[in-house]
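User: Hi! Could you walk me through this structure with me asking questions as they come up?
Analyst: Happy to, here it is.
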Amino acid sequence: MNDIALSPEAADSLAEGGFAGQSDKPCRESEWKLRHITLAGLSWQADEGVHENTPIVMLHGWLDNSLTFVRLAPELTSLGPVYALDFAGHGHSGHRPEGQSYLLMDYVADLAELVERYFQETPDGRINLVGHSLGGIVGTLYAAAFPERVRNLVMIDSLGAISRPVGETIPQLRKAIKKRIAGSGRQVVYPDIATAARAREGGLSPLSPEAALTLVPRNMKPEADGFVWRTDSRLRHPSPLMMTEAQVMATLSALETRALFIRADQGLLSHRTDLGERAGAIPDLQIAKVPGGHHCHLDGDTRHVTDAVRQFLGNE
């Protein structure tokens with residue numbers, strides 16, 4: 001793991017976002033070189049006297065980046081060092097080579113390699129995982145496959161992978177391949193970061209102006225007379241293969257680690273009627289209901305999420 005000083009772009013994004021004042025604990029840019037890709041992210045040192053504690057690895061949601069944890073991560077340094085990753089194709093991490101897609105299981109493989117390469121020397125050989133949305137799904141799959149490497153798992157507005165009926169397998173495959181052949185089209189050029197942030201405020205998981213302005217700069221890069229998305233446009237392509245509900249249930253049933261599901265009362269899962277079955281499949285699960293939307297750890301009053309995560313990780 002190579003720590004480097006926080007880049008001017010990242011420093012600006014923290015300053016512009018309006019949330020930088022939430023903590024006086026500095027973060028650093030970090031890079032993790034894997035065999036086929038280099039992942040980037042942010043890291044926070046543990047408080048004095050707790051450097052040997054279990055490290056906390058944080059995984060963000062789809063189309064987000066490590067800055068999604070800029071409010072939560074500093075509040076967890078009393079428990080150990082904190083590392084927030086940019087997934088492949090997101091933030092400052094590398095992109096997949098031409099001809100490849102962003103498959104869910106490849107994110108899990110990236111995480112597995114990162115843990116084996118850079119987090120072997122932990123006190124008990126394990127890490128704590130905190131994932132939001134897609135990050136929660138990746139963390140769950142990894143924890144199920146490698147229970148010996150995960151001490152605790154936190155899933156923020158996330159409880160297992162998105163599933164599709166088996167009968168949709170071929171239509172889903174057809175849609176994905178047609179999009180791959182068609183390509184992504186031309187990038188939108190924004191005159192400034194603030195305009196891009198305003199565009200991000202809406203959508204499937206709306207953000208406040210402050211939260212959008214915190215998150216978006218790390219996903220942008222200058223081009224011509226403006227800014228374009230740094231995130232790989234292929235991230236928006238449909239997945240060629242989705243898990244079935246039976247596979248999701250088998251994954252959740254395989255979890256051996258302690259797990260916490262943070263359920264946001266206005267989150268993307270708030271209207272799901274099948275969560276009881278999914279929750280019941282996890283052998284050792286705690287549930288914390290918190291106010292807020294899908295980004296309840298970043299947007300609005302985040303104290304409920306912070307308290308729930310800190311209490312769960314600190315009291316085994």
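User: Great. What kind of model is this?
Analyst: This is a predicted model.

User: What span should helix 3 have, and what are its end C-alpha atoms doing?
Analyst: At 1.5 Å a residue, helix 3 should span 16 Å, and its end C-alpha atoms are 17 Å apart, which agrees.

User: On to helix 9. Which residues there are buried?
Analyst: Those are Val305, Thr306, Ala308, Val309, Phe312 and Leu313. Looking down the axis of helix 9, they fall within an arc of 165°, so they line one face of the helix.

User: Why would spacing like that put residues on one side?
Analyst: An α-helix has 3.6 residues a turn, so residues three or four places apart point the same way.

User: What sits on the other face of helix 9?
Analyst: The face turned away from the buried side carries the exposed residues Arg303 and Gln311. The buried residues of helix 9 pack against strands 4, 6, 7, 10 (258-264) and 11 (285-290).

User: Does Arg303 have a partner, or which residue does it pair with?
Analyst: Arginine 303 forms a salt bridge with aspartate 301, with the closest N and O atoms 2.7 Å apart. Arginine 303 is exposed at 58% relative accessible area, while aspartate 301 is partly exposed at 36%.

User: How many salt bridges are there in the whole structure?
Analyst: A search of the whole structure finds 17.

User: Which parts does the one between glutamate 75 and arginine 310 tie together?
Analyst: The closest N and O atoms of glutamate 75 and arginine 310 are 3.5 Å apart. Glutamate 75 lies in the loop between strand 4 and strand 5 and arginine 310 in helix 9, so the pair ties together parts 235 residues apart in sequence.

User: Which residues form a network of salt bridges?
Analyst: Glu29, Asp86 and Arg218 are linked in one.

User: Switching topic: where is histidine 132, and is it buried or exposed?
Analyst: Histidine 132 lies in strand 6 (residues 127-132). With 0% relative accessibility, histidine 132 counts as buried.

User: What does it touch?
Analyst: Leaving aside residues up to four places away in sequence, histidine 132 touches Leu59, His60, Gly61, Asp64, Phe69, Ile156, His294, His295 and His297.

User: Last one: which residues make the nonpolar surface patch?
Analyst: Ile170, Leu173, Ile177 and Ile181 make a nonpolar patch of about 400 Å². Isoleucine 177, in helix 4 (residues 169-182), counts as partly exposed at 43% relative accessibility.

Technical notes. Residues numbered from 1 in each chain as written. Predicted model: local features only at pLDDT ≥ 70, side-chain atom pairs only at ≥ 80, totals over all residues. Heavy atoms only, no water. Helix = DSSP H or I, 4+ residues; strand = E, 2+ residues; numbered from the N terminus. Buried < 20%, exposed > 50% of the residue type's maximum accessible area, 1.4 Å probe, protein only. Contact = heavy atoms within 4.5 Å. Patch = residues over 30% accessible without salt bridge, like charges linked within 9 Å, V, L, I, M, F, W, Y side chains within 5 Å. Areas by Shrake-Rupley, 256 points an atom, 1.4 Å probe, with all protein chains shown as cover. Salt bridge = Lys/Arg side-chain N within 4 Å of Asp/Glu carboxyl O. Expected span 1.5 Å × (residues − 1). Arc of directions from axis to C-beta.
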